[in-house]
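Welcome! Here is a guided walk through one protein model, with the sequence and coordinates open beside you.

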Amino acid sequence: MRVLCVTRIFPNRAEPTFGPYNAKQFSALSRLGHDVTVVSPIPWLPGAERLGAKTRAAHLGEVPAADEVAGLPVRHPRYLHVPRVLSVHAPLYASAVLPIVLPLRSKLDVILSPFAYPDGVASVLLGEALGLPVVIKLHGGDMNVGAALPAPGRWIRWAFPRAAGIAAVSEPLAALALAYGAAPERTTVIQDGVDETVFRVRDAAEVRTKLDYPAERRPLVYVGRLERRKGVFELLEAFPAVQEAHPDVDLVLVGDGEDTAAIERLAQPFGARVRLVGNLPMQGVADWIAASALVTLPSYAEGTPNVVIEALASGRAVVATNVGGIPRMITDPRMGLLVPPKDVAGLARALVDALARAFDPHLVARLADRG
């Protein structure tokens, strides 16, 4: 099958760790014998280069128009990104991609697009223009957050009935897709997998030595975008209680995002007790998870987050919010604890409690086995 993958969420020269799960999945499709081409549009703003690193558009300015990532050919067209005017994001996105894919029409069988808006909607616009079926993959925030906004919601209600397929990573996400007009017979649940050669039970002490992390201390690890919606601000608010109850625990934040600078400022009073290690390749993420005493994800909304899958596969208990598909992932207190989103006191109590427990890594991994 000849597959055109259309998504903004894909590694590039400026953000090599952005959307690694898409790179792995598309690469796996290619290894299965499918002909895979990736189009990953780059947001563009007139004069963005004069803003330095203040905008993502400026940061991505040096990404080449064509590249190869994970063994796949990738095109990076620029699309006009109009901040805050959400209603135009999908049509502007589609109009930038169309000139690239139009000459490829006879060589394509299907469009695959992770994320509902603007990617999935733009792909349906492209599919309508090219006469190609479109499959949209839902991840969580695209529906739990994005679809609730008026303009994206209207576009999603238009696009979903026209999609040839909707693939959701969890049952609640599939149910939400149906509520937005997806056809039941064309909607399916496909849980994200995990590379068990990378995310596996390992001895925490050995991995801490590899990371040159002090043997007498324990890292509480967060992996994800450094953005308010991921609950990182609440995590920092909760950390003083962890500090007091567990003086041997540090908070390690793996990732980057639009709120990195604000998080850095909030972390300063904690000194070495809070570390920001930035974006890391998959093996680096796996090392910090394996080294952790506990993994935490206090997001406001999620689908079936990869970091929870990866932490549990690594035998690490998780303290996370009871949103999206997470309650169906952490189904036993021997795997971790769930708290309401935005509940700083509840998050603090859960972290203090979980850090005092002795979770069995092999039991955690076994309980998480989804068959």
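Let us start with a single residue in this predicted model. N306 has a relative accessibility of 17%, so it counts as buried, the cut-off being under 20%. N306 belongs to helix α12. Leaving aside residues up to four places away in sequence, N306 touches Y21 and D192.

**The six-stranded sheet**

In which order do the six strands of the open sheet run? The order is β13-β12-β11-β14-β15-β16, and the pairing is parallel. The edge strands are β13 and β16, each of which pairs on one side only. On average, neighbouring strands of this sheet are turned by 20 degrees against each other, with direction ignored.

Several of the neighbouring pairs can be described by their bridges. Strands β12 and β13 run parallel and are joined by four bridges; here V254 stands opposite G278 in β13. Three bridges join β14 to β15, again in parallel, and L297 stands opposite A320 in β15. To get from β14 to β15 the chain passes through α12, and this β-α-β crossover is right-handed. On to β16 (residues 336–339): β15 is joined to it by four bridges, and the two strands run parallel. In this pair V319 stands opposite L337 in β16.

Are its faces covered or open? Both faces are covered: V318 and A320 on one side are buried, and so are V319 and T321 on the other.

**Helices around the sheet**

Helix α10 lies across β12 and β13 and runs at about 155 degrees to β13. Helix α13 lies across β11, β12, β14, β15 and β16, running at about 175 degrees to β16.

Helix α11 (residues 282–291) has an enclosed setting. Eight of its ten residues are buried, so α11 is largely enclosed by the rest of the structure. The buried residues are G284, V285, A286, D287, W288, I289, A290 and A291. What do these buried residues of α11 pack against? Their partners are the helices α8 (204–210) and α12 (306–313), together with the strands β11 (218–223), β12 (249–254), β13 (274–278) and β14 (294–297).

**Helix α9 and its two partners**

Two packed helices are described by the angle between their axes and the distance between the axes.

| Helix pair | Axes come within | Crossing angle |
|---|---|---|
| α9 (residues 232–245) and α13 | 8 Å | roughly 40 degrees |
| α9 and α10 (residues 260–267) | 11 Å | roughly 5 degrees |

With axes crossing at roughly 40 degrees, α9 is oblique to α13. The crossing of α9 and α13 is right-handed. From α9 the contact is made by E234, L235, E237, A238, A241, V242 and A245, and from α13 by V344, L347, A348, L351, V352 and L355.

With α10, the crossing angle is roughly 5 degrees, which makes α9 roughly parallel to α10. The contact between them is made by V232, F233 and L236 of α9 and A262, I263 and L266 of α10. An α-helix has 3.6 residues a turn, so residues three or four places apart point the same way.

**Backbone details to check**

Most residues other than glycine have a negative phi, and most peptide bonds are trans. A few places in this model depart from that pattern. A70 is not a glycine, yet its phi is positive, at about 55 degrees. A70 sits in the loop between β4 (66–69) and β5 (72–75). With a relative accessible area of 41%, A70 is partly exposed.

K342 is also not a glycine and has a positive phi of about 65 degrees. Its place is in the loop between β16 and α13 (344–356). Is K342 buried or exposed? At 55% relative accessibility, K342 counts as exposed.

Lastly, the peptide bond from Y117 to P118 is cis, with omega near 5 degrees. P118 is in helix α4 (residues 116–130).

Terms used:
Residues numbered from 1 in each chain as written. Predicted model: local features only at pLDDT ≥ 70, side-chain atom pairs only at ≥ 80, totals over all residues. Heavy atoms only, no water. Buried < 20%, exposed > 50% of the residue type's maximum accessible area, 1.4 Å probe, protein only. Contact = heavy atoms within 4.5 Å. Pairing = 2+ DSSP bridges. Right-handed = clockwise from strand over helix to strand, strands pointing away. Axes fitted to C-alpha atoms, helices over the stretch in contact; angles between N-to-C directions. Parallel < 35°, antiparallel > 145°, perpendicular 65-115°, else oblique. Left-handed = near helix turned anticlockwise from the far one by under 90°.
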